[in-house]
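Here are some exercises to work through with the model open beside you. Try each task before you read its solution.

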Amino acid sequence: MWQATLTAVSPAAAAVTLFLGTGKALAARREPAALRKVSASSLVLASVILLLATPAVYRAVDTAFGAPHLSALLVNTAGLLYVGHIQLMAVLWHPERRTGGTPRRTVLAWAPFYAATVVAMAVLYARAEPSGEARPLLFAPDYVRSPDAVAFHLVYFAMLTAVVTSTVRRCRRLLTSPGPPLTPGLRRCAREFALAVALDMLHVLCVLTAMAGAAGGLRLDGFAEAAWLATAARGLVANYSLVRLSVTARRRERRDYQALRPLWQTVVRADPQLVLAPGLLWSGWDTRIALSRRLVEIRDGARSLSPWMSSAPARAVDQLVRRGFVGFDVVAAQAAATLLYAAEARGRGLPPADTDMLLAALPGEDVPAAAERDHLVLVARHLSHPVVLEALVHARRMAAAPEARG
């Protein structure tokens with residue numbers, strides 16, 4: 001009944017998911033992080049499940065190994081590992097549980113149950129001794145008279161229910177945790193992951209309905225096939241959440257990359273040699289690499305301007321604050337004014353600032369590493385702010401006064 005739909009949908013979805021998983025794996029290789037590695041692995045597993053749920057592939061695997069319904073064992077094993085990945089991601093998302101200890105304890109606590117379930121399914125599958133021509137996706141109703149085949153499915157359903165329950169509860173705790181608030185994107189992703197694993201319960205209900213019907217002499221094969229549509233829907237919902245997070249992050253990286261351009265031009269214009277050598281051709285499409293290069297060049301450029309960093313612009317911003325100017329970030333405005341003044345002084349060939357006027361450090365240089373990108377974006381946005389421009393006028397006037405007296 002549903003096999004034509006699965007044949008049309010599953011291969012395309014598997015190809016797209018594998019492509020996304022490969023991209024995640026490459027990103028994890030460049031910048032190793034537990035969450036990125038788990039995301040990549042989960043996408044690859046999802047593609048395997050979608051592929052094995054394709055009737056033609058299901059039949060081809062069974063034929064190749066001479067083991068009817070071997071695909072049922074393989075896809076159930078991959079399905080358990082997949083929900084295990086979702087369970088682990090819910091742990092890694094928690095702001096207070098990203099240390100290595102908590103994920104490791106979660107893995108060690110659940111690993112024996114996963115291993116025991118997979119071993120039990122393999123033993124029960126072998127004991128069921130399926131034979132003859134296997135109808136794809138119909139192992140449960142076709143072998144409902146075999147106690148071992150029934151036990152095979154019940155063991156899988158029991159473990160799946162336990163993992164789904166644990167993951168949904170963890171996602172709920174994640175959303176209601178009194179700790180540091182989640183970003184809107186992660187909150188939405190947690191809800192969608194809870195929905196995704198809950199769809200596995202629909203899979204269980206469909207298969208149990210088909211088994212009950214077959215036991216009573218009523219063929220409800222459509223329910224057994226629809227169960228795999230629920231599994232495919234589970235994968236699509238979860239994958240959509242992961243992809244949306246990646247797309248959102250990429251969009252923000254590109255936005256910040258563009259926002260940093262005026263600041264990059266300001267600090268690099270006087271010394272073009274600070275620009276890094278071109279990277280690999282493919283890396284030009286990676287916004288994360290491009291943004292990282294731009295941040296490095298801005299830091300190097302600011303460092304090269306340090307001899308011309310006078311305290312006059314920062315003092316001028318302070319004076320304007322005392323006069324009642326509001327609606328701007330003081331530290332970002334001081335950094336922007338300081339860099340503009342230093343770049344102008346160096347560009348005009350002026351000598352470095354006097355020792356008594358020299359800034360020990362650029363305002364905002366002590367921000368934590370995790371906040372540096374946001375700080376520099378804020379500095380870039382202040383380059384054309386009226387307060388910064390007026391502070392530059394004041395600083396130039398202060399610098400010109402001693403020369404006039406001299």
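What percentage of the 406 residues of the protein chain count as buried?

Solution. Start with the meaning of the word: buried is under 20% relative accessible area, exposed is over 50%, and partly exposed lies in between, with a 1.4 Å probe and protein chains only. By that rule, 47% of the 406 residues are buried.

A note before going on: this is a predicted model, in which local features need pLDDT of at least 70 and side-chain atom pairs count only at pLDDT 80 or more, while totals for chains, interfaces and linings use all residues. Residues are numbered from 1 along each chain as its sequence is written, and side-chain values use heavy atoms, leaving out hydrogens and water.

**Exercise 1.** Check the span of helix α8, residues 184–215.

Solution. The expected span is 1.5 Å times one less than the number of residues. For the 32 residues of α8 this should be 46 Å, and the end C-alpha atoms lie 47 Å apart, so the two agree. After α8 comes G217, with a positive phi near 85 degrees.

**Exercise 2.** Describe how helix α10 (residues 261–268) packs against helix α11 (residues 287–304).

Solution. First, the geometry: axes are lines fitted to C-alpha atoms, for helices over the stretch in contact, and angles between N-to-C directions run from 0 to 180 degrees. The angle here is about 40 degrees, and the axes are 8 Å apart. Therefore α10 is oblique to α11; angles under 35 degrees count as roughly parallel, over 145 as roughly antiparallel, 65 to 115 as roughly perpendicular, and the rest as oblique.

Next, find the residues in contact (heavy atoms within 4.5 Å). From α10 they are R261, L263, W264, V267 and V268, and from α11 they are R294, E297, I298, G301 and A302. Sorted by type, they give six nonpolar, one polar and three charged.

**Exercise 3.** Is S42 buried or exposed?

Solution. S42 sits in helix α2 (residues 34–52). Its relative accessibility is 0%, so S42 counts as buried. Now look for partners: beyond its neighbours within four places in sequence, S42 touches Y82, H85, M89 and L242. The C-alpha atoms of S42 and I86 are 7.6 Å apart, although 44 residues separate them along the chain.

Definitions and conventions. Helix = DSSP H or I, 4+ residues; strand = E, 2+ residues; numbered from the N terminus. Nonpolar A, V, L, I, M, F, W, Y, C, P; charged D, E, K, R; others polar.
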